[in-house]
Structures are given as C-alpha cells and as structure tokens.
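Please work through the exercises below with the sequence and the model at hand. Each task is followed by a solution in steps.

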Amino acid sequence: KITDNSTNNPGEYTNTHIAELYNQLIAMGNVSVNEALKVGVLIEQTDIADLQKELLVVENASVKTVYTNLMAGSNAHLKAFTWNLKIRGIVL
C-alpha cells in the first residue's frame with residue numbers, strides 16, 4: 001500500500017515533499033565533494049532509521065529479509081561515506 005511517487009524522469013517526484021527534499025539534497029551535494037559525502041551520510045542514516053523502525057512492526061518474513069539486507073547495504077554505504085570524510089579530516 002505504498003504510493004509510487006516517481007515518474008519516468010530521474011529526479012522527478014509527484015509528491016511535493018519528496019521533490020523538495022530531493023532538490024535540497026542535490027543542492028547541498030553540489031557545493032563540494034565533502035558536502036556530497038555529508039549528504040550521503042544523511043541519506044544512509046535516514047534509511048537505516050526508517051528500516052529499523054519498520055523492522056519492529058513488519059510481520060512478513062520475506063519483507064524482514066529484504067529490510068535486513070537493505071539495512072546491511074545502507075550500513076556499508078554509511079561506512080564508506082564516513083571513511084571518505086575521515087580521510088579528508090572531517091569527523092561527524
């Protein structure tokens with residue numbers, strides 16, 4: 001029962017909140033490589049928090065497996081973003 005807010009055009013969303021958030025994150029990331037890495041951290045932290053919340057209530061075992069695997073991927077991405085920031089002297 002999740003509404004598909006995407007269109008056939010990358011970066012375009014029918015939900016205005018998602019569209020505004022996308023544009024805001026793109027603008028933040030376009031400032032510099034460091035800012036783009038920080039946006040990556042923010043996105044992964046948000047994804048992890050959302051997945052953790054959903055794992056507490058989801059009952060379907062297949063969905064739990066998918067969410068767990070997505071969270072593992074997000075944790076790996078988060079580690080990569082934070083490592084790249086750390087080697088640039090930025091610790092969040």
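The exercises that follow concern a predicted model.

**Exercise 1. Overall architecture**

Task: Determine how many helices and strands the chain has, and state the pattern along the sequence.

Solution. 
- Step 1. Counting the elements gives 3 helices and 0 strands.
- Step 2. For the dimensions, the C-alpha trace spans about 45 × 30 × 20 Å along its principal axes.

**Exercise 2. Burial and surface**

Task: State what percentage of the residues of the chain count as buried, and describe the area that the chain exposes.

Solution. 
- Step 1. A residue counts as buried under 20% relative accessible area.
- Step 2. The chain has 92 residues, of which 18% count as buried.
- Step 3. The chain exposes about 6,900 Å², and carbon and sulfur atoms supply 57% of this area.
- Step 4. Contacts within the chain can be sorted by separation: among those between residues at least 6 apart in sequence, 43% join residues at least 24 apart.

**Exercise 3. Packing of H1 and H2**

Task: Describe how helices H1 and H2 pack, and identify the residues that make the contact.

Solution. 
- Step 1. Locate the two elements: H1 covers residues 16-29, and H2 covers residues 33-55.
- Step 2. The helices pack at an angle of about 145 degrees, and their axes are 7 Å apart.
- Step 3. On the H1 side, the contact is made by Leu25, Met28 and Gly29; H2 contributes Glu35, Ala36, Val39, Leu42 and Ile43.
- Step 4. Sorted by class, the contact of H1 with H2 comprises 6 nonpolar, 1 polar and 1 charged residues.

**Exercise 4. A nonpolar patch**

Task: Identify the residues that make the nonpolar surface patch, and explain why Ile18 can be part of such a patch.

Solution. 
- Step 1. Tyr13, Ile18, Tyr22 and Ile26 make a nonpolar surface patch of about 300 Å².
- Step 2. Ile18 is found in helix H1.
- Step 3. Patch residues need over 30% relative accessible area. Ile18 has a relative accessible area of 31% and is partly exposed, so Ile18 passes this cut-off.

**Exercise 5. The salt bridge**

Task: Find which residue forms a salt bridge with Glu35, and state whether Glu35 is buried or partly exposed.

Solution. 
- Step 1. Side chains of opposite charge can pair when their charged atoms come close.
- Step 2. The structure holds 1 salt bridge. Glu35 forms a salt bridge with Lys38, with the closest N and O atoms 3.1 Å apart.
- Step 3. Both residues lie in helix H2, 3 residues apart, which is about one turn of the helix.
- Step 4. Glu35 counts as partly exposed at 27% relative accessibility, and Lys38 likewise counts as partly exposed at 29%.

Technical notes. Residues numbered from 1 in each chain as written. Predicted model: local features only at pLDDT ≥ 70, side-chain atom pairs only at ≥ 80, totals over all residues. Heavy atoms only, no water. Patch = residues over 30% accessible without salt bridge, like charges linked within 9 Å, V, L, I, M, F, W, Y side chains within 5 Å. Areas by Shrake-Rupley, 256 points an atom, 1.4 Å probe, with all protein chains shown as cover. Salt bridge = Lys/Arg side-chain N within 4 Å of Asp/Glu carboxyl O. Helix = DSSP H or I, 4+ residues; strand = E, 2+ residues; numbered from the N terminus. Buried < 20%, exposed > 50% of the residue type's maximum accessible area, 1.4 Å probe, protein only. Axes fitted to C-alpha atoms, helices over the stretch in contact; angles between N-to-C directions. Contact = heavy atoms within 4.5 Å. Nonpolar A, V, L, I, M, F, W, Y, C, P; charged D, E, K, R; others polar.
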